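Work through the following exercises with the sequence and the structure open. Each task is followed by a solution in steps.

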Amino acid sequence: MKKHLILTSVLAAGSAAWCAGLRPAAMEGLPPGAVRPEGHLQKTLERQRDGLTGHAEELYPDIGQSDWMTNAGRGGEFAWERGPYYARGLVSLAFALDDAALKEKAKRWVDAALASQRPDGDFGPRKDNWWANMIPQWYLRDWADATGDARVAPFLAKYYAYQAAELKSVSFEKEGCWACARGGDEIDAVLWLYRRTGEAKWLAFAEKVASYTADWTTYYHVGGDPGVNAPGRGGYRCHIVNFMQGLKCPALKWLMGGTEADRTAYAAAFDPQGWVMRKCGRPDAMVNGSEPLTDRSAAGATELCAIAERVNSNRSVLAALGDPAVADDLEDVAYNALPATVAPDGKGIRYYLMLNQPHCVDKGLMFANNGMGHEVTGANCPGPHSGFGCCRANGHYAAPRFVQSMWMKKEGGLAVVAHGPSRVTTEIGGAKVTLREETDYPYSGKVTLRVVEGGGRFPLFVRIPRWAKLPDAGTFRRIERDWKAGDVVELDFPMAVEVSHWGRDAVCVRRGPLLYSLKMDADWTRVAKYKVPYEKRWIEDDGTQPFPRWEIRSKTPWNYALELDAAGRLAGAEVKGEGRATRIFVRAKRTDAEGWGHMRADAQGRAEDPPASPVAPRLCGASETIELMPLADTQVRITLFPWTRGGDGERK
């Protein structure tokens with residue numbers, strides 16, 4: 001066995017799958033099942049299987065009795081997005097875990113979609129159901145990639161031929177803002193068919209779909225969406241889920257011969273000095289939106305649907321452009337925002353994720369923006385029914401899609417795109433190879449890459465995270481050699497404790513890819529009776545419900561201001577523990593400045609924002625040590641803190 005320590009950096013550039021008329025993509029995604037989770041990631045997906053994903057058809061009538069499966073003609077949400085959303089996650093999870101029972105359940109959804117095609121080529125429970133029909137295109141092609149099912153490509157070809165004619169009279173805009181905003185989802189699927197068949201008409205059709213889709217490139221660069229009720233082809237781009245789904249569109253247009261503005265649109269959207277991040281940016285690589293984009297409030301919210309679509313779009317953008325910053329963002333979302341929306345046992349989700357959330361209460365949670373307001377009961381309480389039904393259907397996709405995105409093909413070799421315990425099996429140079437990443441990442445920066453099976457000469461690209469204190473942070477390192485089973489590459493990414501500044505100059509603590517929040521002791525209370533949001537039924541729980549809704553209330557104080565020294569560093573920061581038990585201990589002072597430490601009187605379930613920093617020492621108590629833990633492992637939390645200057649007991 002040979003062991004190699006990488007000492008040099010090579011910027012990655014190159015191509016993957018290519019067809020005439022397309023720019024070469026930087027990387028090529030692998031089919032479902034090629035990447036398998038291990039360690040803590042496997043446990044996460046198993047909890048999902050044993051929790052909501054495995055039982056969704058029993059819990060949710062709009063999934064279990066969906067017109068997509070029953071052809072019962074109930075209409076509304078039974079014929080809309082929720083069933084396909086769930087099936088997309090089900091297919092992805094089934095192959096990520098190689099679970100026979102889930103695969104059989106997934107096959108029922110695939111067979112039902114294929115059987116629903118009418119002689120004219122349209123399919124599904126409703127005619128010209130443009131947006132809802134985009135979602136099955138994803139799980140059908142995933143199924144085909146994983147199983148080789150020969151039915152899928154001709155099915156899609158027949159549908160696209162129908163749609164090409166029908167769009168002349170029923171455009172995306174006419175069908176509704178969702179199809180107009182989310183057309184990038186179909187562009188991606190049509191390009192899959194083009195690469196598979198090589199038929200030029202499908203590239204032409206992808207370009208046509210792009211012409212019917214909202215102009216995301218301009219929006220990410222300069223903004224300007226007037227809102228949901230505006231006429232024209234805006235597509236309601238200020239809607240947070242649309243915003244995340246739209247991210248793939250400019251990158252796909254770039255592949256089809258688009259402009260430099262298309263290529264740089266993703267970077268513009270998340271430029272720290274760009275309009276999006278200045279308006280509503282968050283440190284977890286998400287943005288605040290409930291449902292429209294809102295502001296930078298520490299008690300602002302992001303939707304689980306938006307998190308799922310962020311993961312999916314990042315995979316498409318990363319494959320197209322190969323930008324390692326996109327993979328950094330992917331990890332930020334998957335290791336921070338996503339797990340913080342899920343109950344620890346996998347039996348609940350929350351519709352809204354707030355970075356400062358000391359209480360989860362079963363009361364109306366009110367947000368308003370752009371003339372559109374929502375009061376959603378229980379939207380920050382973990383449980384099977386939280387907010388709109390879209391998130392309880394779409395959330396199943398995020399974690400297995402992240403796992404599928406961890407490795408990709410690149411320049412005839414493999415790229416480690418996102419780090420974490422996993423293994424990949426694929427063909428390189430016509431031969432089967434299996435590699436494994438052995439690590440406790442994101443809790444540790446130590447990574448071992450091991451060739452388990454196969455070998456041959458090929459390049460291995462390893463992403464060096466942008467936060468790592470290394471000269472080539474934020475790039476891909478390239479190692480090319482003759483590999484054989486037993487070869488090992490070891491890396492150790494230094495994880496420093498740092499702070500970043502956000503709205504009202506509040507600070508967030510980061511160590512490596514993880515954000516850290518105040519460790520809070522809390523009381524958990526089952527909600528004895530609640531109305532399912534936007535439905536006409538009630539759930540009662542006498543303590544035996546296997547999928548309860550919980551109220552969670554902190555019983556420890558949380559009105560702390562972190563101490564920063566003159567250089568802006570955390571005072572006395574100390575890291576203790578290993579793995580998931582890693583904690584950061586920092587110096588802080590309690591303060592009541594500007595109502596900090598209290599819940600808002602006019603908005604149930606939302607905390608007051610941190611006072612403007614720096615907080616004057618005279619408004620603070622004595623210095624004390626507080627404990628921070630990973631945001632991912634919290635259910636109630638403070639993640640954005642005010643700050644003050646250090647000095648025990650200083651009150652000047």
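**Exercise 1.** Which residues are in contact with D328, leaving aside its neighbours within four places in sequence?

*Solution.* Step 1: contact means heavy atoms within 4.5 Å. Step 2: with neighbours within four places in sequence left aside, D328 is in contact with R463, P465, R466 and W467. Step 3: D328 itself lies in helix α20; helices (H or I, at least four residues) are DSSP runs, numbered from the N terminus. Step 4: D328 counts as buried because its relative accessibility is 2%, where buried means under 20% relative accessible area, exposed over 50% and partly exposed in between (1.4 Å probe, protein chains only).

A note on the source: this is a predicted model, in which local features need pLDDT of at least 70 and side-chain atom pairs count only at pLDDT 80 or more, while totals for chains, interfaces and linings use all residues. Residues are numbered from 1 along each chain as its sequence is written, and side-chain values use heavy atoms, with hydrogens and water left out.

**Exercise 2.** Describe how α19 and α20 pack.

*Solution.* Step 1: two packed helices are described by the angle between their axes and the distance between the axes. Step 2: axes are lines fitted to C-alpha atoms, for helices over the stretch in contact, and angles run from 0 to 180 degrees between N-to-C directions. Step 3: the axes of α19 (residues 304-321) and α20 (residues 324-340) come within 9 Å and cross at roughly 155°. Step 4: α19 is therefore roughly antiparallel to α20; angles under 35 degrees count as roughly parallel, over 145 as roughly antiparallel, 65 to 115 as roughly perpendicular and the rest as oblique. Step 5: on the α19 side, L304, I307, R310, V311, N314, V317 and L318 take part, and they meet V326, A327, D329, L330, V333, A337 and L338 of α20. Step 6: by class, this contact of α19 with α20 has 11 nonpolar, one polar and two charged residues. Here Ala, Val, Leu, Ile, Met, Phe, Trp, Tyr, Cys and Pro count as nonpolar, Asp, Glu, Lys and Arg as charged, and the others, Gly among them, as polar.

**Exercise 3.** Describe how α15 packs on α19.

*Solution.* Step 1: the axes of α15 (residues 248-255) and α19 come within 9 Å, crossing at roughly 25°. Step 2: this angle makes α15 roughly parallel to α19. Step 3: K248, A251, W254 and L255 of α15 meet N312, S313, S316, V317, A320 and L321 of α19. Step 4: sorted by class, the contact of α15 with α19 has six nonpolar, three polar and one charged residues.

**Exercise 4.** Why does the span of helix α7 agree with its number of residues?

*Solution.* Step 1: the expected span of a helix is 1.5 Å times one less than its number of residues. Step 2: α7 (residues 130-147) has 18 residues and so should span 26 Å, and its end C-alpha atoms are 26 Å apart, which agrees. Step 3: α7 is mostly covered, with 15 of its 18 residues buried.

**Exercise 5.** Is S171 buried or exposed?

*Solution.* Step 1: S171 sits in the loop between α8 (152-166) and α9 (172-175). Step 2: its relative accessible area is 17%, so S171 is buried. Step 3: apart from neighbours within four places in sequence, S171 is in contact with W130 and Y212.

Terms used: Helices (H or I, at least four residues) and strands (E, at least two) are DSSP runs, numbered from the N terminus.
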